[in-house]
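Dear colleague,

I am handing over the structure we talked about, together with some notes on what turned up when I went through it. Please have the sequence and the structure open beside this message as you read.

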Amino acid sequence: MCDQAKKGIGHLAVIGIGPGSQACCTPQAQQAVADATLIYGYGPYLDRLTLAPHQRRIASDNRVEAQRAREALTQAAAGHRVAMVSGGDPGVFAMAAAVCEQIESGPAEWRTLTVAFVPGVTAMLAVAAECGAPLGHDFCAISLSDNLKPWTTVLKRLDAAVAGDFVMAFYNPRSTARPWQLDAALDHLRARLPADTVVLYGRAAGRSDACYWVSALQEASSEGVDMATLVIVGANATRVIERPQRQPLVYTPRYQP
Ligand code: SAH
């Protein structure tokens, strides 16, 4: 172990850089990136950063989270100032949990490191803010990816959300490798929720090619949905306000007994 690590100088910042544009990346996150010399992350997230010549980027595929976390912790333990970037918020279906898992199972010296978690604007808030207030009251967030949990668990959680009348924000609704999950979830919900339940789609929120659309659950589908899309399924009460020449507003009103 080098001297710096013995003195605990190594540092890891797990940073959320928001959904897309620089404007949505907090000053705290920008500063945390600027303070690091080694920057780890999924390539497309790293592409959004402007780095100084002394900063080195280490890009990896988004399926190698545990390995990326171990490498970053190893470099921090060697005395480097390391950043790990996630899109949105690092604690929402992203790198913060992977880093904690590795600290728990890794060498004891990793527990002596300074580790900072820097929050970011998560996709569901960026989408909701563009469309009104669909998450204005009780809601939940569910990842439709069955990479890390079985599909039966996803269905169990959908049932619990329906029983609790929660608005649901679906992360990871569809990708090339997981083409059927959103349609399966919508079919599951169609059998349990009113046909006119509001389904809101937000794609590439916070970027120049952002787009948003709304559908009723009865005709909702995965058409146009990709890995950059977030889907919000309203609770029974969620409403759409049509406006002339403007995007409709989607909101969830206060609970009325
Ligand atoms: N940590 C991220 C989420 C990572 S999971 C966050 O807090 O936002 C990846 C999923 O997030 C995508 O499949 C998509 O559902 C959603 N997502 C990420 N960025 C998005 C964006 N700009 N617009 C809409 N959805 C987005």
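**Notes on the predicted model**

In helix α6, which spans residues 123–131, the buried residues include M124, A126, V127, A128 and C131. Please keep in mind throughout that this is a predicted model. Directly after α6 comes G132, which has a positive phi, near 125 degrees. G132 also has a place in a sheet, where it stands opposite V250 of β13; strand β6 and strand β13 (residues 246–251) run parallel and are joined by 2 bridges. The sheet in question is open and made of 3 strands in the order β6-β13-β12, with mixed pairing. Its edges are β6 (132–133) and β12 (239–243), each of which has a single partner strand, so one side of each is left without a neighbour in the sheet.

How many of the residues of strand β11 are buried? The count is 5 of the 5 residues in the strand (229–233), so β11 is largely enclosed by the rest of the structure. Both of its faces are covered, with T229, V231 and V233 buried on one side and L230 and I232 buried on the other. Strand β8 (residues 167–171) runs antiparallel to β11 and is joined to it by 3 bridges, and within this pairing A169 stands opposite I232. Strand β9 (residues 198–203) is also paired with β11 in the antiparallel sense, here over 5 bridges, and G202 has L230 as its bridge partner in β11.

The whole structure contains 4 aromatic pairs. In one of them the rings of Y201 and W213 have their centres 4.8 Å apart and their planes at 5 degrees, and the pair is therefore stacked. Y201 belongs to strand β9 and W213 to strand β10 (residues 211–216), so that the pair links distant parts of the chain, 12 residues apart. With a relative accessibility of 1%, Y201 counts as buried, whereas W213, at 25%, counts as partly exposed.

**The nonpolar cores**

The largest nonpolar core has 22 residues, and those that touch the most other members are L158, M168, F170 and L189. At least two residues of this core come from each of β7 (139–143), α7 (151–163), β8, α8 (181–190), β9 and β11, and α7 gives the most, with 5 residues. Apart from this core lies another one, of 19 residues, with M84, A96, W110 and L113 among them. Leaving aside residues up to four places away in sequence, F170 touches I142, L144, L158, L182, L189, T229, L230, V231 and V233.

Helix α8 also holds H188, which at 13% relative accessibility counts as buried. With residues up to four places away in sequence again left out, H188 touches L155, L158 and D159.

**Salt bridges**

Side chains of opposite charge can pair when their charged atoms come close, and the structure holds 5 salt bridges. One of them joins R57 to D47, with the closest N and O atoms 2.9 Å apart. R57 lies in strand β3 (residues 56–60) and D47 in the loop between α3 (43–46) and β3, so the pair ties together parts that are 10 residues apart in sequence. At 37% relative accessibility R57 counts as partly exposed, while D47 is exposed, its relative accessible area being 55%.

D159, named above as a contact of H188, meets R192 in a salt bridge (3.2 Å, N to O). Since R192 lies in the loop between α8 and β9 and D159 in helix α7, the pair ties together parts that are 33 residues apart in sequence. Both partners count as partly exposed, R192 at 40% relative accessibility and D159 at 31%.

A further salt bridge, between the side chains of D187 and R190 (2.8 Å, N to O), stays inside helix α8, where the two residues are 3 residues apart, about one turn of the helix. D187 is partly exposed at 46% relative accessibility, as is R190, with a relative accessible area of 28%.

With best regards

Terms used
Residues numbered from 1 in each chain as written. Predicted model: local features only at pLDDT ≥ 70, side-chain atom pairs only at ≥ 80, totals over all residues. Heavy atoms only, no water. Buried < 20%, exposed > 50% of the residue type's maximum accessible area, 1.4 Å probe, protein only. Helix = DSSP H or I, 4+ residues; strand = E, 2+ residues; numbered from the N terminus. Pairing = 2+ DSSP bridges. Phe/Tyr/Trp six-rings, centres within 6.5 Å; stacked < 30°, edge-to-face > 60°. Core = buried A, V, L, I, M, F, W, Y, C linked by side-chain atoms within 4.5 Å. Contact = heavy atoms within 4.5 Å. Salt bridge = Lys/Arg side-chain N within 4 Å of Asp/Glu carboxyl O.
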